[in-house]
Each structure stands twice: as structure tokens, then as C-alpha cells.
Amino acid sequence: MIVIGVIGMAVVLIAIQFKTIKPEYGILISVFGCLFIFIYSLSRIKELVEIVDRLSALTSVSREYIKILLKITGITFISEISSDISRDCGYLSIANQVQIFGKLSILVISLPVFIDLISSVGNLLS
């Protein structure tokens with residue numbers, strides 16, 4: 001975590017320096033910094049998947065639900081990062097549309113869970 005914090009601060013300081021010379025260079029440095037940190041964080045995904053697999057083996061939770069949870073987490077991160085980059089560049093409408101699309105994607109992906117939940121509640125009530 002310390003490495004990412006240091007890299008983030010270095011990118012911000014370099015971007016600020018270039019922003020006074022040419023604003024578009026500051027934006028590019030910021031975008032590349034965000035992409036580097038995101039790609040670096042993807043290396044941790046393998047560890048997360050292994051832990052979730054171990055937890056699913058210990059419980060009776062379906063692997064499909066875990067896959068859905070991981071997809072939702074990925075969509076959340078990608079839409080948040082994309083939205084933040086768009087917002088930093090001054091494109092607020094694009095940032096809002098990316099967030100809306102991410103939320104709709106999460107809703108669509110989570111529909112099987114809602115359907116199973118509603119059918120379970122219906123079975124308990126009948």
C-alpha cells in the first residue's frame with residue numbers, strides 16, 4: 001500500500017508541474033498514473049480469487065454467486081476509475097454517464113441473485 005501511495009503522490013506532483021507548462025501534459029500524466037496503479041492492483045486479483053475459492057469450498061455458497069460478486073466488484077472499480085479520470089479532465093457529463101452505465105451493468109449482472117432470492121422468499125411464504 002505504501003508503494004501505491006508514494007507512486008500516487010509522485011504522479012500528482014509531476015502532473016502539477018507539467019500542468020503549469022501545458023495542461024494537457026498534466027492530464028496525460030494523471031491518466032497514465034491511474035492506469036499504472038490500476039494495472040498494478042490487478043496483480044492482487046489472483047490472491048483475492050484464491051481466497052474466495054477457499055471460502056466457497058468451506059461454505060454452501062454457490063460459485064455462480066461468487067462469480068457474480070467478483071464481476072460486480074470489477075465493474076465498480078472500472079466505472080469509478082473511468083468516471084474519476086473523466087471528471088479530472090473536466091468532462092462531468094461523460095463521468096456521470098459512465099457511472100450510470102456501471103450501475104445498470106451491475107443491476108443486470110445481479111438479476112439472477114434477485115430472482116433466486118425472490119423465489120426463496122416465495123417458497124418460505126407458501
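Helices in this report are DSSP runs of H or I with at least four residues, numbered from the N terminus. The model is predicted, so local features need pLDDT of at least 70 and side-chain atom pairs count only at pLDDT 80 or more, while totals for chains, interfaces and linings use all residues. Residues are numbered from 1 along each chain as its sequence is written, and side-chain values use heavy atoms, with hydrogens and water left out.

A salt bridge is a side-chain nitrogen of Lys or Arg within 4 Å of a carboxyl oxygen of Asp or Glu. Across the whole structure, the search finds 2 salt bridges.

| Lys-67 | Glu-64 | 3.8 Å |

Lys-67 and Glu-64 are 3 residues apart in helix H4 (residues 63–88), which means a separation of about one helical turn. Arg-87 and Asp-84 also lie in H4, 3 residues apart, and are therefore separated by about one helical turn. Lys-67 is partly exposed at 47%, and Glu-64 is partly exposed at 47%. Arg-87, with 32%, is partly exposed, as is Asp-84 with 33%.

**The nonpolar surface patch**

Helices H1 (2–21), H2 (23–42) and H3 (45–58) each supply at least two of the patch residues. The most comes from H2, with 6 residues.

Ile-21 belongs to helix H1 and is exposed, at 62% relative accessible area. Phe-18 is partly exposed at 34%, and Tyr-25 is partly exposed at 39%.

Rings of Phe, Tyr and Trp (its six-membered ring) pair if their centres lie within 6.5 Å; planes under 30 degrees apart count as stacked, over 60 as edge-to-face and the rest as tilted. The whole structure holds 1 aromatic pair by this search. The ring centres of Phe-18 and Tyr-25 are 6.4 Å apart and the planes stand at 80°, so this pair is edge-to-face.

Helix H5 (residues 92–109) has 18 residues and spans 26 Å from its first C-alpha to its last, close to the expected 26 Å at 1.5 Å a residue. That expected span is 1.5 Å times one less than the number of residues. Ala-95, Gly-102 and Ser-105 are buried in H5. Viewed down the axis of H5, the buried residues fall within an arc of 85° and therefore line one face of the helix; the arc is that of the directions from the helix axis to the C-beta atoms. The face of H5 turned away from the buried side carries the exposed residues Ser-93, Gln-97, Phe-101, Lys-103 and Val-108.

Val-121 lies in helix H6 (residues 111–125) and is partly exposed, at 40% relative accessibility. The C-alpha atoms of Val-121 and Phe-77 are separated by 31 Å, and the two residues are 44 residues apart along the chain.

Key: Buried < 20%, exposed > 50% of the residue type's maximum accessible area, 1.4 Å probe, protein only.
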